[in-house]
Amino acid sequence: MFSFFMNAFVVILSNNNNNNNKQYRAIRSCFTPPAPYVEGEGGATGGQSSTLKRFAPEVSTSSAASPVQTPRQVMALRTLGKEETLAMRSRLIGQSCRLFYSDDPVKIVRARGQYLYDENNQRYLDCISNVHHVGHCHPSITKAAAAQMDLLNTNTRFLHDNIVVYAERLAAALPEKLGVFYFVNSGSEANDLALRLAQQYTQHKDVIVLDHAYHGHLMSLIDISPYKFRKLAGQKDWVHVAPLPDTYRGKYREDHPNPGQAYADTVKDLIGEVHMKGRKICAFFAESLPSVGGQIVLPRGYSAKVAEYVRSAGGVFVADEVQTGFGRVGSHFWGFQLQGEDFCPDIVTLGKPMGNGHPLACVATTAEIAGAFTANSVEYFNTFGGNPVSCAIGLAVLDVIEEEDLRGNATRVGAHLKVLLTELQTRHEIIGDVRGVGLFLGIELVTDREKRTPATQTAALVAKRLKEEDCICISTDGPWESVLKFKPPMCFSMEDAELVVQCIDRILTDIKAKDLKLEKEDV
């Protein structure tokens, strides 16, 4: 089915046949940059911030601009009303596949940079989409995708340059020992394969994970994701949960002299407990910056000590960079590098931002671990992983990151946003903590700063009002959904940061002024 759609898209994009030129131009127009914004016209409706101007589209009234289309093209380009889309989704899509703002979803029909546009051409500022790393519909990415798709996209068992050129570029960005790559299509696939690699190499099964962790939706990954398995079948006997190294809420907090060592020692103790049961450690699995856990920055020194303990027990250290890789932290290309130059994982998984929205992911590991995987005599084959189009897109993403200095932008804008949020904290008692690095930030709302009681309902209300009043999309996370998280496209600007903080300030001020008691049922 996937190949059918890719081939169909090739046919649509191809303009080699003069008879299809008009149809090609009509479809291509859907991807052209939005028309200029019109100052002073409309603005956001319903009391919304006037900072976000209503998009003014250019509409052609010429009947000659509408080419004759085949029934298939008419179906592909059919536009549904929002209510019709919702009704069809309710009927056709599994109800466990939930939408943002499920009470009143935003129907997005196009996007550009850090902005989303709904069916009424209303612009929304996107603080959510870390997947669209270099910006929605970046012209360099779409150009690379279309060009390669027009030339070749084939089974990855055929020899092709793109996969090796891309692997070489990734190798140059990683520590030297991480020089062997396996390309897949999603972060879940990457983490599943990392688990297989670790078990094959160590010949052990048991895995240590962090509390509240999430590593993917496959059964193997639900088993090592406390965020998921606690809601389902429960914890397997081969999975062991270490405390989340959270210096705001955890056992060892910001006033501890060495929280990195203290939290690492909890892993050491856990390894001892595993050994007492006659079991052996395969791997320690952790996000370089836990996201579902609440935008946590691991205390410095933690990962190096954990790796030391895990390797001494015969296991390997797996760094999940699916959320945080490719320069999001600004100062470094990878989140694990925040732990110091001397630290290097044994396996790294990459995903979400890698293809800027295109399904592309990867596992990077050592020659020794890859050799053990090869030695099992079972071929590893992934039909689409590392195909020519995916690798062309991956290469284009790396180019844009470098050419547009997006790491530098993440550093500058992220630091500015963090300062603004910290200043906001001094004016609003409900902001208990501001944390993060680069464009990976979170603010935790609490009803009581001393007790650090999660303000779950207020966090949800702030996110809701930002969407309804200011056309700003933001989401909540953390064990109690009390953290407003920022993971925007890397082209997020200083002005965007200032707008978001200004709007949060207004909403929190209004909530306080009206003395809204939302937290009666909070944890």
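Analyst: A helix here is a DSSP run of H or I with at least four residues, and a strand is a run of E with at least two, both numbered from the N terminus. The model is predicted: local features need pLDDT of at least 70 and side-chain atom pairs pLDDT 80 or more, while totals for chains, interfaces and linings use all residues. Residues are numbered from 1 along each chain as its sequence is written, and side-chain values use heavy atoms, leaving out hydrogens and water.

User: Let's start with a helix. Which residues of α11 are buried?

Analyst: Buried means under 20% relative accessible area, exposed over 50%, and partly exposed in between, with a 1.4 Å probe and protein chains only. In α11, the buried residues are Tyr-302, Ser-303, Val-306, Ala-307, Tyr-309 and Val-310. They span an arc of only 165° around the axis (taken from the directions from the helix axis to the C-beta atoms), so they lie on the same side of α11. After α11 comes Gly-314, with a positive phi near 90°.

User: What do the buried residues of α11 pack against?

Analyst: Contact means heavy atoms within 4.5 Å. The buried residues of α11 pack against β5 (206–210), α10 (259–276), β7 and β8 (316–320).

User: Now a strand. Which residues of β10 are on one side and which on the other?

Analyst: In a regular strand, side chains alternate between the two faces of the sheet. For β10, Ala-361, Val-363 and Thr-365 are on one side and Cys-362 and Ala-364 on the other, and all of them are buried. Strands pair if DSSP finds at least two bridges between them. β4 (residues 180–184) pairs with β10 in the antiparallel sense over five bridges, with Phe-183 opposite Cys-362. β9 (residues 347–350) is also antiparallel to β10, over four bridges, and there Thr-365 is the bridge partner of Ile-347.

User: Which residues touch the most other members of the largest nonpolar core?

Analyst: In soluble globular proteins, nonpolar side chains tend to be buried together. A nonpolar core is a set of buried Ala, Val, Leu, Ile, Met, Phe, Trp, Tyr and Cys residues joined through side-chain atoms within 4.5 Å. The largest core has 94 residues, and Tyr-166, Phe-284 and Phe-326 touch the most other members. Another core lies apart from it, with 27 residues, including Ile-347 and Val-363. Leaving aside neighbours within four places in sequence, the contacts of Tyr-166 include Phe-183, Phe-326 and Leu-360.

User: How many aromatic pairs are there?

Analyst: A pair of aromatic rings is described by the distance of the centres and the angle of the planes. Rings of Phe, Tyr and Trp (its six-membered ring) pair if their centres lie within 6.5 Å; planes under 30 degrees apart are stacked, over 60 edge-to-face, and the rest tilted. The count comes to 14 aromatic pairs. Phe-284 and Tyr-302 have ring centres 6.4 Å apart and planes at 65°, so this pair is edge-to-face. Because Phe-284 lies in β7 (residues 281–287) and Tyr-302 in α11 (residues 302–312), the pair ties together parts that are 18 residues apart in sequence. Phe-284 is buried, at a relative accessible area of 0%. Phe-326 and Trp-334 are another pair, with centres 4.9 Å apart and planes at 70°, so they too are edge-to-face. Ring pairs also link Phe-284, Tyr-302, Phe-317, Phe-336 and Phe-343 into a cluster.

User: Where does the charged end of Arg-123 sit?

Analyst: A charge sits over a ring if NZ of Lys or CZ of Arg is within 6 Å of the ring centre and within 35 degrees of the ring normal. Arg-123 has its charged end over the ring of Tyr-115, 4.1 Å from the centre.
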